[in-house]
Amino acid sequence: MKIKVVSVPVRDQQKALDFYVDILGFVKKYDIPLSEGNRWLTVVSKYDQDGPELLLEPAPNHFEPAKVFQDELFKSGIPWTGFYVDNVQEEYDRLTKLGVEFSLEPKDVGTVVIAVFNDTCGNNIQLVEEK
Amino acid sequence: MNHYIQEVERIKGICFSNEIQIDVAVNTKRYIDTDFDKEINLDLLAHLQLTSKYHLIRVFKKYYGVTPRQYLINKRIVKRRKNF
């Protein structure tokens, strides 16, 4: 088995694509039309374009429990997932200049530095730097 | 302060309050990350951190989940793969 795709639930796929590509800096990999305007939409890290894909899936719009779960995680400040960066402070500075809102500013937690931002699609996302 | 931040603070207090130990683990990891292609042994790593070999193994495993030797081997495998 291989880990090929992991998903992030989003309310609006186009808005999510814009944020994940234009703001975060990921690269679009697959954009395949499905029924009723839904898309099989994945992005990858520009540093690892053959690596795992992130599926921006519109589950909360079609499955109520997914919406409830996503909403509750968001309200609690719990990240849906996390991305690794070389330097959290630098990424925090870059993203805040682009208008991204952080619920947790860069914080030293033992062997890592973390920060949490709002992906504008219904999720908190954590940045992680290994010290 | 939301629930997640409270939990981060709580867990940090439980698991990451010993800054001296964390420095030993982090400095050792950084040394391995930089010099993985050179000859590295436990005596050297312990000497660099002014600690005993046994203490170093215990502290490193506590914070990274593997021994320094396992970490070094994993690092070399990953780096070798990337070169192909």
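**From chain A to one helix of chain B**

A: From the N terminus on, chain A runs β-α-β-β-β-α-β-α-β-β-β. That gives three helices and eight strands (DSSP runs, numbered from the N terminus: helices H or I of at least four residues, strands E of at least two). The model is predicted: local features need pLDDT of at least 70, side-chain atom pairs count only at pLDDT 80 or more, and totals for chains, interfaces and linings use all residues. Residues are numbered from 1 along each chain as its sequence is written, while chains are lettered from A and ligands numbered from 1 in the order written.

Ten residues of chain A are in contact with 13 of chain B (C-beta atoms, placed from the backbone, within 7 Å). Strand E6 (residues 102-109) gives the most to chain A's side, with four residues.

Now the close look: helix H2 of chain B, residues 19-35. Its 17 residues should span 24 Å at 1.5 Å a residue, and the end C-alpha atoms are 24 Å apart, so the two agree (expected span: 1.5 Å times one less than the number of residues).

B:Ile22, B:Val24, B:Ala25, B:Thr28, B:Lys29 and B:Ile32 are buried in H2(B) (20 or more other C-beta atoms within 10 Å of the residue's own; exposed means 12 or fewer, partly exposed in between; C-beta atoms placed from the backbone). They cover an arc of only 160 degrees around the axis, so they sit on the same side of H2(B) (directions from helix axis to C-beta atoms). Their cover includes helices H3 (42-48), H4 (53-64) and H5 (68-83) of chain B. On the other side, B:Glu19, B:Ile20, B:Arg30, B:Thr34 and B:Asp35 are exposed.

Technical notes:
Contact = placed C-beta atoms within 7 Å.
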